[in-house]
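Visitor: I am new to this structure and would like to understand the words used for it. Could you show it to me and then take the terms one by one?

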Amino acid sequence: MIQLSRNYSLPEREEEIIPIKVIGIGGAGSNALDRMVLDGLDKGDLIAANTDVQSLASSVAASKVQLGRGVTRGLGTGGDPQLGLDAATEAGDELRTACGEARLIFLCTGLGGGTGSGAAPVVAELARETGALVITFATMPFAFEGKRRAAQAQEALLELQKISSAVICFENDLMGDIVAPKAGIHQAFAAADVTISQSVRSIISLIQRPGLIRIGFDDLLAALRNSNSRCLFGYGESDSDNRPHDALTQALKNPLMDRGRMLSDATSVLVQVAGGPGMTLSEVEILMQELNRHISDDTQILFGTVVDGRMGNRLSVTIISSLAADGAVVSKPVFERPSAAPVPSPQAGPETKRSPAPELESQPAVEADTAPEAEPSPSPDEPGKFVPEAESAEPPPLVRPLQMIEATLNQPELADETPSEETDSIGDIAEVPEPAAMPQIVEQVREPEPQQPRVILPRKKTTPLKEPKPAENSVAKQEVLQFESVTRGRFEKSEPTIVEGQDLDVPTFLRKNVRVK
Amino acid sequence: MASSDLMVGLEIGTSKICVVVGEGRPDGTIKILGVGQAPSRGVRKGEIVDFETAMKCVHEAVVDAETKSDVMIRSVYVGVAGAHIQSFNNRGSVSLPEDRDEIDEQDIEDVKTNAREVSIPSQNAFLHSIIQHYHVDGQDGVLNPVGMLGERLEADFHIIHGVRTRIQNTIRCVKELPLDVEDVVFTALAAAQVVLTPHQKSLGALVIDIGGGTTDYILYVDGAVKQSGVLGVGGDHITNDISMGLRIPMTRAEKLKVEEGAVTLGNCLPGETVQLKDDSGFAGKEIERETLNTIIHLRLRETFELLKRKLEEEPFINYIGEGIFITGGCSHLKGIDHLAEEVFELPARVAHAQTMSGLTSAFENPQFSAAIGLIKYAQAVQVDRRPTGGIRRIFGKIFSGMR
């Protein structure tokens, strides 16, 4: 019987609760905060920061910071980022106090306007200085808001990407897709807020919920590793009979997901499945199987699962990933790897993590500015390996083949992820020839573009090993294979009958996990 | 006997191919002259997957029917099923020209054409468009508007469509024999013609035809078809489940299902077993009856639940006054009606063709409902050319591009 035992849930570890703050900057930011309050975000302190006093007064956030008392005197910035920047600088002390002891700070802002574009980078900087990790949710303006705003937004976004640990960028234009054409414009704006609120909430619970297969900060950062990129985010929840399917469908429907099409290009995808005590392994399997159809075989899946009594009957799935934009300035990886290294320790002592993170932070920013090309970054990683051929390759034309080969490159890495005993046994059966051949190709190819984040994967991979239940993961995967190969019996070669996401050719008792013997 | 009165229904099922030869009587009844059948091969889930083999089987069945009924079969009505068949309701409307206010036959045709002007997937073809009700100038529930005065004629149609090539495959399979295809009929629609009386149709009834490869359903409310469709699950799936759950070969599983299978749970003594004899008569495996029934029960319950959810997408299931009629090969399973009652919360019964004369004993078998229904349908279509008052609501077929 594969059903997860009901009393399996790990005891909640209170000391793991990380102090979290959510700062909304500008009008869009406070709108997003309001939405989070409506949605019942209870785990973080909400701070609204705005130049416009009126808007600030109407915000429901617990604490409020008025930006630019002297500069704007309670009015807005009139769309001038410089004014926003000055205002935020002026309120520096207040902001610093507001950030306080938080270890994780979410910034929500709408870029394009004065306060958002101008103040957000300053606030992000301040937040970093307090030693917290900063995840920025930025909304890009609608195309119809004009090129000037778009340019301001773009500039601010670049700035934020240098400063924040991760930037999740929402494009308002995409939000339009989920809103009916006839709906009012406020609904389109609200759609962005809802999505941001969902993301913040799910990321918070993602990090804070003690999981059977835990997802930590490191995994999150790995998934968001490509900066200057398009972030894929999806969250779905369902309590129907067919909840794995429904939740996944809903998650893929998220405008940032592009119905899962983009997922196939992602290098790594973070998936967390959360459910009440009644969640079964087979449900998780069904969900992952279905998700796998959207993901290429070489994608690294950072999988986590959580049993949370409060979920009751519901099952939720959170998918986070990012795609590198072509020719992206990749500054994050350099920072990320070191930040990942201390992660195993936070479980024991959170403080250790804080100190390395910020100082490394400054490094990548500089590097990214000065040299996005191939040469400089090899050294931080593994100098001996990368330097020799670095200059011979010219990155741009190589990008495509590289990505393809890198995709295959992930294969051995994935094997690394599973515990070594596991790898051995699997290797015996099938994968022996591959690893032998692969590394050579891999090494040649790696050199030209070492700043690509994926190179760092092997290191990162060590952290999941520390997770409480790595075996669970691999067991689940093997089970899937078995199911796939035996269960359709007579209908093996016929067109599958898929209704409501279930393959009806598979015997009902197997799908429902009813024991018949 | 005029040849036009001879009607042949051919159902290419997943487990058997069935040919029913019938003769229309002047009083509107039908006499069954003979039934030919052959085990079906090359058909999965109601669709032909092996053309050559399926053709041979059809030929066998036709020859069998010819021998038994002592007639020469030239043309047939063919039943089609398959999960590709879908349906929806649509309303068409036409305005009468200024200078005329009496509705005539042409307007009826026009309104039907109008109702069909909806987008179905490009690879699909219309199979049926069945009139539900007419509305004349907002007056609801008009059964036959010809001759009525009005300015605006509207009509609700139930439109059934399916993938063109798959339907054509079935047609071609028959034409190569060679036999003429008079018409192609959705099997559930055919089955409903003989399972339900007009009275039951007007009270509201659901017909579920659980065959070998598919479960076809059709829902009548107020005497009109409101919902219909196909679920690609049938008796084969039960057999497959048994075969895999008990680890026995398919043929054995099929036999076990037919001979011992039941749907009800908790009806067996604890530890009650079924002896599985192998071909040579030696006692083989012992199988716990409850296990067998559990497998069948789970599959059928799921099928009914899926069906229920599908039906609940529209409100019509709430208007069923008469109940559920289960037919098709799988309705032989003991207790299936109770399960349906439990799932749908409606009275359910196993039903077979009612309104036939002739070799009744042979045909009071739910397996033949659809094939016999084809004949009834054929008769209805022929009679319908001169409508006999609202009973039969099938006004010919939309067949464009298929023949």
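Guide: Two strands pair if DSSP finds at least two bridges between them, and strands (E, at least two residues) and helices (H or I, at least four) are DSSP runs numbered from the N terminus. This is a predicted model, in which local features need pLDDT of at least 70, side-chain atom pairs count only at pLDDT 80 or more, and totals for chains, interfaces and linings use all residues. Residues are numbered from 1 along each chain as its sequence is written, chains are lettered from A and ligands numbered from 1 in the order in which they are written, and side-chain values use heavy atoms, with hydrogens and water left out.

Visitor: Which strands form the open sheet of chain B, and in what order?

Guide: Four strands form it in the order β7-β10-β8-β9, with antiparallel pairing.

Visitor: What makes β7 and β9 of chain B edge strands?

Guide: β7 (86-95) and β9 (139-142) each pair on one side only; β8 (residues 124-136) pairs with β9(B) over two bridges.

Visitor: Why are α1(B) and α3(B) called oblique to each other?

Guide: Their axes, lines fitted to C-alpha atoms over the stretch in contact, with angles from 0 to 180 degrees between N-to-C directions, cross at roughly 50°. Angles under 35 degrees count as roughly parallel, over 145 as roughly antiparallel, 65 to 115 as roughly perpendicular and the rest as oblique, so α1(B) and α3(B) are oblique.

Visitor: Which residues of α1(B) and α3(B) meet?

Guide: With contact meaning heavy atoms within 4.5 Å, B:Phe51, B:Ala54, B:Met55 and B:Val58 meet B:Asn169, B:Arg172 and B:Cys173.
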